[in-house]
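Hi,

Here is the structure I promised to pass on. Have a look at it first, and my notes on what turned up follow just below.

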Amino acid sequence: MFTLQIEHKIKDFALWKAAFDRDPVNRAASGVTAYRINQPVDDPHFVVVELDFEQREQAEALLANLQAKVWNSAEAAPALEGTPKTRILQGAA
């Protein structure tokens, strides 16, 4: 399993979540098998999203799609502040 982990600052969680729920990258068709959304207990203006995939290439393709079509669009990502920090993780035993 591979996980695309995304950390970023947001303006407002409800606004961010509504945009996330619109699913502009079609997570299921992109190979996402599960996802988790977390926030630091001391920072309501920050989110950590983890998207799980079977294959590394699926995670890389979705990341490229987010960078090209979502994160640079005020309409698709109205609550995003700054540039997200990302990494692809591999499950370890």
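Phenylalanine 2 sits opposite glutamine 90 in E4. That pair belongs to the contact between E1 and E4, two antiparallel strands joined by eight bridges. Please keep in mind that this is a predicted model.

On to the other pairings. E1 (residues 2-10) is also joined to E3 by eight bridges, and these two run antiparallel. Here glutamate 7 is the residue facing valine 48 in E3. E3 in turn pairs with E2 (residues 34-38) through five bridges, again antiparallel, with alanine 34 standing opposite aspartate 52 in E3.

So how do the strands line up, and in what order? They form an open sheet of four strands, ordered E2-E3-E1-E4, with antiparallel pairing. E2 and E4 (80-90) stand at the edges with a single partner strand each, so one side of each has no neighbour in the sheet. From one strand to the next, the twist averages 15°.

How covered is E3? Strand E3 (residues 46-53) is mostly so: seven of its eight residues are buried.

H1 (residues 13-22) lies across E1, E2 and E3, and runs at about 170° to E2. H2 (residues 56-70) lies across E1, E3 and E4, running at about 25° to E1.

Best wishes

How values were computed: Residues are numbered from 1 along each chain as its sequence is written. This is a predicted model: local features need pLDDT of at least 70, side-chain atom pairs count only at pLDDT 80 or more; totals for chains, interfaces and linings use all residues. Side-chain values use heavy atoms; hydrogens and water are left out. Buried means under 20% relative accessible area, exposed over 50%, partly exposed in between (1.4 Å probe, protein chains only). Two strands pair if DSSP finds at least two bridges between them. Axes are lines fitted to C-alpha atoms, for helices over the stretch in contact, and angles run from 0 to 180 degrees between N-to-C directions. Contact means heavy atoms within 4.5 Å.
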